[in-house]
Amino acid sequence: MDWLKVCLNLILFSGCVYAEVVVMSSKVGATNPVTINAGVSTLSANDDFSWNFTNSVGVETTLDSKELSLNLTKLSEVGEYESLVNGSVVNEITVAYLANPVIQNTRHSVTFNEGDNNRKLICISEGSYPPPHYQW
Ligand SMILES: *[C@@H]1O[C@H](CO)[C@@H](O)[C@H](O)[C@H]1NC(C)=O
Ligand SMILES: *[C@@H]1O[C@H](CO)[C@@H](O)[C@H](O)[C@H]1NC(C)=O
Ligand SMILES: *[C@@H]1O[C@H](CO)[C@@H](O)[C@H](O)[C@H]1NC(C)=O
């Protein structure tokens, strides 16, 4: 199955409106970074530039980096990024990741037989951001 397509569909139909969505692959790393751009080409001497990052559990921090682009190398760097000039947001970037969904406990398919009632299957995709919506 084409997981990237699934992922993009999940993001598009989750009802969120983002300025930009970048999808991180599980192969992300130092030699395969995801680069995000502040949307600012030049700064004047008095401009105060910063990045705000909200991680996957909603904790917001101001990053130490003053670079106009960031190379993200870890799955833990998924979340919402905002570039700010003088405290005003210039660009908003969602860095998303979709782990392959699996059925909890069995991790593979489950056969239902006629007469099987009230069986519950829970689908999980640990590490995914934003939280995906599932459809069976
Ligand atoms: C940011 O603030 C500085 C100092 O107050 C000012 O000189 C500069 O023009 C401001 N930049 C923008 C883009 O508003
Ligand atoms: C940026 O993050 C800081 C926390 O580090 C927060 O206090 C501030 O409100 C954030 N700014 C914006 C524009 O979200
Ligand atoms: C990001 O990586 C590129 C090469 O892939 C490098 O040229 C650039 O300086 C890096 N940027 C930062 C902010 O580290």
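Asn118 counts as exposed, with 4 C-beta neighbours inside 10 Å; a residue is called exposed if 12 or fewer other C-beta atoms lie within 10 Å of its own, buried if 20 or more do, and partly exposed in between, with C-beta atoms placed from the backbone. Asn118 is found in the loop between strand 8 (102-103) and strand 9, and has a positive phi of about 55 degrees although it is not a glycine. The model is a predicted one, in which local features need pLDDT of at least 70 and side-chain atom pairs count only at pLDDT 80 or more, while totals for chains, interfaces and linings use all residues. Residues are numbered from 1 along each chain as its sequence is written, and chains are lettered from A and ligands numbered from 1 in the order in which they are written.

A positive phi of about 55 degrees is also given for Asn86, again not a glycine. Asn86 lies in the loop between strand 6 and strand 7 and is exposed, having 10 other C-beta atoms within 10 Å. A cis peptide bond, with omega of about -10 degrees, joins Tyr129 and Pro130; Pro130 belongs to the segment after strand 9 (123-124).

The chain contains 1 helix and 9 strands, where helices (H or I, at least four residues) and strands (E, at least two) are DSSP runs numbered from the N terminus. Along the sequence, the pattern is α-β-β-β-β-β-β-β-β-β. Of the 136 residues in the chain, 16% are buried. Two residues are in contact if their C-beta atoms, placed from the backbone, lie within 7 Å; among contacts between residues at least 6 apart in sequence, 66% join residues at least 24 apart.

An open sheet of 5 strands has the order 1-7-6-3-4 and mixed pairing, two strands being paired if DSSP finds at least two bridges between them. Strand 1 (20-23) and strand 4 stand at the edges with a single partner strand each, so one side of each is left without a neighbour in the sheet. Strand 1 pairs with strand 7 (residues 88-96) in the parallel sense over 4 bridges, and Val22 stands opposite Val95 in strand 7.

Strand 2 (residues 34-37) and strand 5 run antiparallel and are joined by 4 bridges. In strand 5 (residues 69-72), Leu70 and Leu72 form a covered face, whereas Ser69 and Asn71 form an uncovered one. In a regular strand the side chains alternate between the two faces of the sheet. Asn71 in strand 5 stands opposite Thr35. Both Thr35 and Asn71 are around ligand 3, together with Glu67 and Ser69; a residue is placed around a ligand if its C-beta atom, placed from the backbone, lies within 6 Å of it.

The shell around ligand 2 consists of Asn52, Glu60, Thr61, Thr62, Glu82, Leu84 and Val89. Strand 4 (60-62) and strand 6 (79-85) are the elements that give two or more residues to this shell, and strand 4 gives the most, with 3 residues. Ligand 1 is surrounded by Asn46, Asp47, Asp48, Val85 and Asn86.

For "domain: Ig-like", an unreviewed UniProt entry lists residues 101-136; the positions are given in the numbering used here, feature names are shortened, and annotations may be inferred rather than shown by experiment. The end C-alpha atoms of residues 101-136 lie 11 Å apart, and the span is 0% helix and 11% strand.
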